Amino acid sequence: MASIIYNTFFKRNSVFVSTVFLSAFTFSIGFDLATSAWWDAHNRGKQWKDIRHKYLQAAEDEE
């Protein structure tokens, strides 16, 4: 098992560096999506995207 991993990822430097960059990029996107989802769930009802309809509807009623 270890030899398969070594031959696949670590034997050639270009494959190793590509794997590191791809893993970092994938982790970055996943972490960003997870923290954004948590932030939206934690602040539901307090953000502009949640209360915009109230203010836009009030502005239309005044006109």
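Here is a chat that walks through a predicted model, from its helices to a few contacts and its surface.

Me: What kind of model is this, and how are residues numbered?
Reply: This is a predicted model, where local features need pLDDT of at least 70, side-chain atom pairs count only at pLDDT 80 or more, and totals for chains, interfaces and linings use all residues. Residues are numbered from 1 along each chain as its sequence is written, and side-chain values use heavy atoms, with hydrogens and water left out.

Me: Where does UniProt place the transmembrane region?
Reply: At residues 15-39, according to an unreviewed UniProt entry. UniProt positions are given in the numbering used here, feature names are shortened, and annotations may be inferred rather than shown by experiment.

Me: And how much of residues 15-39 is helix or strand?
Reply: That span is 100% helix and 0% strand, and its end C-alpha atoms lie 36 Å apart. Helices (H or I, at least four residues) and strands (E, at least two) are DSSP runs, numbered from the N terminus.

Me: Switching topic: where is glutamine 47?
Reply: Glutamine 47 is in the loop between helix H2 (13-42) and helix H3 (48-62).

Me: Is glutamine 47 buried or exposed?
Reply: Glutamine 47 counts as buried because its relative accessibility is 16%. The cut-offs are under 20% relative accessible area for buried, over 50% for exposed, and partly exposed in between (1.4 Å probe, protein chains only).

Me: Which residues does glutamine 47 touch?
Reply: Leaving out residues up to four places away in sequence, glutamine 47 touches Trp39 and Asp40. Contact here means heavy atoms within 4.5 Å.

Me: What does the side chain of glutamine 47 do with aspartate 40?
Reply: The two side chains make a polar contact at 3.3 Å. A polar contact is a pair of N or O atoms within 3.5 Å; within protein, one must be able to donate a hydrogen and the other to accept it, and residues adjacent in sequence count only if both atoms are side-chain atoms.

Me: How many salt bridges are there?
Reply: The count comes to one salt bridge, taking that to be a side-chain nitrogen of Lys or Arg within 4 Å of a carboxyl oxygen of Asp or Glu. Aspartate 40 forms a salt bridge with lysine 49, and the closest N and O atoms are 3.0 Å apart.

Me: Where is lysine 49, then?
Reply: Lysine 49 sits in helix H3. With a relative accessible area of 46%, lysine 49 is partly exposed, and aspartate 40 also counts as partly exposed, at 27% relative accessibility.

Me: How far is lysine 49 from tryptophan 39?
Reply: Their C-alpha atoms are separated by 13 Å, and they are ten residues apart along the chain.

Me: New topic: which residues form the nonpolar patch on the surface?
Reply: They are Met1, Ile5, Tyr6, Phe9, Phe10, Phe16, Val17, Val20 and Phe21, with about 890 Å² of accessible area together. Accessible areas come from the Shrake-Rupley method with a 1.4 Å probe, and for residues only the protein chains shown count as cover. Patches are made of residues with over 30% relative accessible area and no salt bridge: like charges are joined within 9 Å, nonpolar side chains (Val, Leu, Ile, Met, Phe, Trp, Tyr) within 5 Å.

Me: Which helices supply the patch?
Reply: Helix H1 (2-10) and H2 each supply at least two of its residues.

Me: Where are methionine 1 and phenylalanine 21?
Reply: Methionine 1 lies in the segment before H1, while phenylalanine 21 is found in helix H2. Methionine 1 is exposed at 74% relative accessible area, and phenylalanine 21 is exposed at 59%.

Me: One last thing: what does the side chain of serine 23 reach?
Reply: The side chain of serine 23 reaches the backbone oxygen of threonine 19 at 2.7 Å. Serine 23 lies in helix H2 and counts as partly exposed at 42% relative accessibility.
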